[in-house]
Protein chains: 4
Amino acid sequence: MTETVLDARELYDFLTVEFPQIADQLAIENIAPMTARMRLHCDERHLRPGGTVSGPSIMLLADVTFYVAILAMIGREALTVTTNMNLTFLRKPAKEDLLCDARILKLGRRLVSGDCLLYSASGSPDKPVAHATVTYARP
Amino acid sequence: MTETVLDARELYDFLTVEFPQIADQLAIENIAPMTARMRLHCDERHLRPGGTVSGPSIMLLADVTFYVAILAMIGREALTVTTNMNLTFLRKPAKEDLLCDARILKLGRRLVSGDCLLYSASGSPDKPVAHATVTYARP
Amino acid sequence: MTETVLDARELYDFLTVEFPQIADQLAIENIAPMTARMRLHCDERHLRPGGTVSGPSIMLLADVTFYVAILAMIGREALTVTTNMNLTFLRKPAKEDLLCDARILKLGRRLVSGDCLLYSASGSPDKPVAHATVTYARP
Amino acid sequence: MTETVLDARELYDFLTVEFPQIADQLAIENIAPMTARMRLHCDERHLRPGGTVSGPSIMLLADVTFYVAILAMIGREALTVTTNMNLTFLRKPAKEDLLCDARILKLGRRLVSGDCLLYSASGSPDKPVAHATVTYARP
């Protein structure tokens, strides 16, 4: 349970098949046991007036990155669903790509919980734009 | 502080100017002191494989409905920003419009907090698809 | 699934056996399908300097009231455990008893979710001191 | 803003004066910029049947540790209050002392947000018993 069973290419291929509407907006930057890093390619669809990334775009990135971190550990389980997400908005994101570091804190048979730190691509994890805690239920 | 200062038409006009990308996806169904009801016109953009409304679409509706409930009480304050949102996903939404009932629990000078109940348009508030708690900060 | 299977007396007897350290601090005021109301008998143990009810006391009341609302619907299941609680603190509580109204939004076979509104006994649910969302897992 | 202004002894003295009811249950293990580690001395008051640490005790430790991390950065501000706490319960705590690592993610003039990881004293941060996100408001 401490090794990944899917690598970044396999995970991205799975995303492309399962979520074709969003896969092109996203890239997998890193996969390791119990963690994942993903990137949101920021474009007009993700922006709000004032040139900032929208809340739903932040949520999308957190949700998918945590999902990918789970799949890397347990394999392809398309039915795994989000049951809770708590988002804290910390700073106004710059008008650029967002990065997200997901961390699994408990990989249970029924529930998987952890958190995500989101920051601007030219910024630093020390100046996060948002923090999310996430719980997924397994079928 | 217990009367609305903007009506549904004025609020929707404000949304159209401030958030032109999303206003056409949304309708204001009802405005009353400390509450608002809005509708998400569900189309292909909001769906996930399996024919269900996506998490970011649910978040968008909750966020905007709570924002509109605040503006109805305090007037046009475009700088008011979300600081926290906690989403609990309860049931799989049907492939149809979503309704959202927002309720303000504390209208402070600095922080405004409350919650939102979201349900399918042909369903009932007794079978919600999601519940959200929201905190906004005023400038 | 819409009727209670335990009444207030049976539920309080169960609390007294399972949680003898806390049962005497609490009273069950009302039980109805999918809801419960409980009271915290406020004394020195629950106070903070400044004469306000402490955060952990607020959490205790919300947690137990939601638990009792669940047991009223499903019967005695001592192993049911809290998996998530989100607390929003809205107003400073008065130095007096607290009331809590719990509401179940989804009574699932594995997860039960809902929320709680907490207010001072001489106050009103319209001026809540705190709001909690709660998720319990069933064994 | 990246240096501490109070050390562990000064912080503990402040706790003893402001919160005499709880200070003896707690110890400050470490203070560093934007972080703090504290210990809950587990005794009968903190236990639940089955020999596990209670939810309100977990909340108390998270709340105080985050508060101490803030005070270390900004000095004595007794009026700083919790506005939101989101608790995820991950594993059943052992019947022993609990440790808590608090981390400030945003030290704003009005709001301070971050998170806490809680684990058993003989355990490891890799097997946390709970995770908390916390937001405090400054006066």
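In S5(D), Asn86(D) is the bridge partner of Asn86(C). The model is predicted: local features require pLDDT of at least 70, side-chain atom pairs count only at pLDDT 80 or more, and totals for chains, interfaces and linings use all residues. Residues are numbered from 1 along each chain as its sequence is written, while chains are lettered from A and ligands numbered from 1 in the order in which they are written.

**Fold of chain A**

- Chain A contains three helices and eight strands, where helices (H or I, at least four residues) and strands (E, at least two) are DSSP runs numbered from the N terminus.
- Read from the N terminus, the order of elements in chain A is α-α-β-β-β-β-α-β-β-β-β.
- The radius of gyration of chain A is 14 Å, close to the 14 Å given by the globule rule for 139 residues, so chain A is as compact as a globular protein of that length. This radius is taken over C-alpha atoms, and the rule is 2.2 Å times the number of residues to the power 0.38.
- The C-alpha trace of chain A spans about 45 × 25 × 25 Å along its principal axes.
- Of the 139 residues in chain A, 49% are buried (20 or more other C-beta atoms within 10 Å of the residue's own, with C-beta atoms placed from the backbone).
- Among contacts in chain A with a separation of 6 or more, 63% join residues 24 or more positions apart; a contact requires C-beta atoms, placed from the backbone, to lie within 7 Å.

**Interface of chains C and D**

- Contacts link 17 residues of chain D with 17 residues of chain C.
- On the chain D side, helix H3 (55–74) and strand S5 (81–89) are the elements that give two or more residues; S5(D) gives the most, with nine residues.
- By class, this side of chain D has nine nonpolar, six polar and two charged residues.
- Strand S5 (residues 81–89) of chain C and S5(D) run antiparallel and are joined by five bridges.

**Symmetry of the copies**

- Chain D is superposed on chain C by a rotation of 180° with 0.0 Å of shift along its axis (RMSD 0.0 Å). The two copies are thus related as by a two-fold rotation axis.
- Superposition is by least squares on the C-alpha atoms of residues with pLDDT of at least 70 in both copies.

Terms used:
Contact = placed C-beta atoms within 7 Å. Nonpolar A, V, L, I, M, F, W, Y, C, P; charged D, E, K, R; others polar. Pairing = 2+ DSSP bridges. Buried ≥ 20, exposed ≤ 12 C-beta atoms within 10 Å, placed from the backbone.
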